[in-house]
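Please look over the sequence and the model before reading on.

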Number of protein chains: 2
Amino acid sequence: MGNYGYVSPELRERVLAAAEKLGYRANALARSVSTGVSHTLGVVVADIGNPFFAGVVRGISDTSRASGFDTIVLSSHEDLAEEKASMGVLLDKRVDGIILASAAVSPKEAKHIQEAMDVGIPVVLVDRALEHVAADAVVIDNRDASRRAVETLIAVGHRRIGFVWGPSSTRPVATRRELLAAAAKSLWTDSERLRGYLDALDDAGIAFDPNLIMVGVKTEATAADAAAQMLRLPDPPTALLCTENDAMTGALRAVRAAGLKYPGDISLIGFDDSSWAAVMDPPLTMIEQPMLRLGALTAERLLARIKGEDPEPEVHTLESRFIERGSVAPPRH
Amino acid sequence: MGNYGYVSPELRERVLAAAEKLGYRANALARSVSTGVSHTLGVVVADIGNPFFAGVVRGISDTSRASGFDTIVLSSHEDLAEEKASMGVLLDKRVDGIILASAAVSPKEAKHIQEAMDVGIPVVLVDRALEHVAADAVVIDNRDASRRAVETLIAVGHRRIGFVWGPSSTRPVATRRELLAAAAKSLWTDSERLRGYLDALDDAGIAFDPNLIMVGVKTEATAADAAAQMLRLPDPPTALLCTENDAMTGALRAVRAAGLKYPGDISLIGFDDSSWAAVMDPPLTMIEQPMLRLGALTAERLLARIKGEDPEPEVHTLESRFIERGSVAPPRH
DNA sequence: CTGTTAGCGCATTCAG
DNA sequence: CTGAATGCGCTAACAG
């Protein structure tokens, strides 16, 4: 049944026929115990409910299956404890390698990753790189994408640009130094996107205003609150950059509640394109991430290491796509 | 390490300490080979990229984990062959039970399900019931929900109501008989929703018009085409019922391309609520499915069978919620 | 309580 | 080519 050893064609037929008739299935677990390999990839994403990760997972499983590997995916719901537990489950189930979109925001939170690698099981990071972790990472050009978006806004005249979900600091951020410190303790993607935002402002000589940067817990509701608060400012933003799907829907709620129209009253740009963004009226200008390719490349890197290759860990950066639609216009006056 | 047998507290401490220091992890595979149980649930959904299924999976894994079960989820991408292969993987990995949202549209396509049950591994269906398969099923009141939606439309005066994604028949459907035959060969959810639509029309004495029912392959693009075609009719629909997320975005594309405004020119109701639906302008009237509870209840039923309970298979029906927002209005004149 | 032994279902090695 | 024996890492049953 395992397709090894020598058998006469005739015996093989008889065995196969008997197996078929009896409904026999080889026990993959016993096989793994015996061989030491499971031909299975473990994946733990931050939130499988996020269409972005669903796309990445699709990319992963398509290419891993093409190589004869199963994939078992777990979701940590952006919770570090759950992430560790999930990795434990994968290690116990003896997967041959692990793909991880980690909720860790600092090197000390990434111990479990290093430990897994120390045990000899290869890990590759996806979507979120991690400093000081010697693992491959497959990501997009977050900083660039963010900068390009803000530059687009500045190019048509905006100078007050809100940033709808940034560092998840608990305390308010007032100075640039505090902001950078908070960013350093945030998810890599959030941090990068914030830096890109700052890059563009700096290049244009626009002063950074802490009131225009959302800080704290990130949910659609808090995004709506933060956006609403910005819009009530004496000098409110004329444009909003939303760094995630829920940030955008939250911002849209606030914009509508304030009785504002986009792009006339306020311009909008968001990360993570979707069908909905395209059918909004007007349609939303968005930054599209290559989810499938992200997943595919990640799986390729991991598979290579499983096959024994052992190059220097590297950060692979894929390009996002800026989709101009109808949610950007010059500010009033 | 397995927490069985008798050990002195002191020895236990020494063993645990040694295990800790050595980084020892019990091999879950070997354990399963030995005990015959894996404490893991297998799930194969039709499309993990669909937020609806992502929610169901979340419900499943939350409640199964609470019972000490891991869950490994696979996506069939609505493909029957992949579904069978996925179930094979799960059986090989010796999961203790399987949850399935099947792509099967007829009893003969459901053999693999019966086979799994014959081998002694419990299966419970979710989202889609299957006639002639003696398995538990956890679903929503699709037919009722659909009927209520159409009744709402009729109540405000609509008589020409388009049904944006119905039976996936390859040939056009002209008569009511053909329609029912096509429905019988469609996904259970699609079929139920179509019946509910027909129920409401019948009750109101409105004649069924095959031109107002989309038939064929179901993608956002084909939905847009179908809707566009309906809108070009000499006697076009004044309302559209969209039975899925992509059907709604497709319909919206067509509505916009035709230069129509909702709800003034055309009313809209859809299945599967989302943040986007709520922030559309006007916001969309939608039918919300209790995804989490659907998943949770499904897991409960399966867990019960794994624990040895063996009641008569039953179809458990949960209630959907009709969320009235701003996409329904009386037809013009 | 402790130490030993057999056995789970497979892959692999080694005589015939 | 075939059959039997050994071991993978674990649980379970059994003497001491």
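**Overall picture**

The model is predicted. Chain A contains 12 helices and 11 strands. Along the principal axes, its C-alpha atoms fill a box of roughly 85 × 40 × 30 Å. Of the 333 residues in chain A, 54% are buried. Among contacts in chain A with a separation of 6 or more, 73% are between residues 24 or more positions apart.

An unreviewed UniProt entry annotates residues 1–35 of chain A as "domain: HTH lacI-type". In the model, this stretch of chain A is 63% helix and 0% strand, and its end C-alpha atoms lie 15 Å apart.

**Strand β5 of chain A**

Strand β5(A) covers residues 136–140, and five of its five residues are buried, so the strand is largely enclosed by the rest of the structure. In a regular strand, side chains alternate between the two faces of the sheet. On one side of β5(A) are Asp136(A), Val138(A) and Ile140(A), and on the other are Ala137(A) and Val139(A); all are buried.

Strand β5(A) pairs with β4(A), residues 123–126, in the parallel sense over three bridges. It also runs parallel to β10(A), residues 315–318, to which four bridges join it. Val138(A) takes part in both pairings: Val126(A) stands opposite Val138(A), and His316(A) in β10(A) is the bridge partner of Val138(A).

**A buried proline in a loop**

Pro237(A) sits in the loop between α9 (220–231) and β7 (239–242) of chain A. Its relative accessibility is 4%, so Pro237(A) counts as buried. Leaving out residues up to four places away in sequence, Pro237(A) touches several residues, including Arg160(A), Leu212(A) and Ile266(A). Between Pro237(A) and Arg159(A) there are 8.0 Å from C-alpha to C-alpha, although they are 78 residues apart in sequence.

**Salt bridges**

Over all chains, the structure has 52 salt bridges. Four of them are listed here.

| Pair | Closest N to O distance |
|---|---|
| Arg58(A) and Asp62(A) | 3.2 Å |
| Arg147(A) and Asp199(A) | 3.7 Å |
| Asp209(A) and Arg160(A) | 2.9 Å |

Arg58(A) and Asp62(A) are four residues apart in helix α3(A), residues 51–66, and so are separated by about one helical turn. Arg58(A) is partly exposed at 32% relative accessibility, and Asp62(A) is partly exposed at 29%.

The salt bridge between Arg147(A) and Asp199(A) links distant parts of the chain, from helix α6(A) to helix α8(A), 52 residues apart. Arg147(A) is partly exposed at 23%, whereas Asp199(A) is buried at 16%. Both belong to a network of salt bridges that also includes Arg143(A), Asp144(A) and Glu151(A).

Asp209(A) and Arg160(A) form a salt bridge that joins two loops, one between α8 and α9 and the other between α6 and β6 of chain A. Asp209(A) is buried at 15% relative accessibility, and Arg160(A) is buried at 19%.

**The two chains together**

How are chain A and chain B related? A rotation of 180° with 0.1 Å of shift along its axis superposes chain A on chain B, with an RMSD of 0.1 Å. The copies are therefore related as by a two-fold rotation axis. Of the contact residues of chain A, 100% recur in chain B.

Each chain gives 48 residues to the contact. The two chains bury about 4,200 Å² between them, with 59% of it on carbon and sulfur atoms.

Definitions and conventions: Residues are numbered from 1 along each chain as its sequence is written. Chains are lettered from A and ligands numbered from 1 in the order in which they are written. This is a predicted model: local features need pLDDT of at least 70, side-chain atom pairs count only at pLDDT 80 or more; totals for chains, interfaces and linings use all residues. Side-chain values use heavy atoms; hydrogens and water are left out. Buried means under 20% relative accessible area, exposed over 50%, partly exposed in between (1.4 Å probe, protein chains only). Two strands pair if DSSP finds at least two bridges between them. UniProt positions are given in the numbering used here, feature names are shortened, and annotations may be inferred rather than shown by experiment. Copies are superposed by least squares on the C-alpha atoms of residues with pLDDT of at least 70 in both. Contact means heavy atoms within 4.5 Å. Buried area is the accessible area (1.4 Å probe) that two parts lose on being put together, summed over both. A salt bridge is a side-chain nitrogen of Lys or Arg within 4 Å of a carboxyl oxygen of Asp or Glu.
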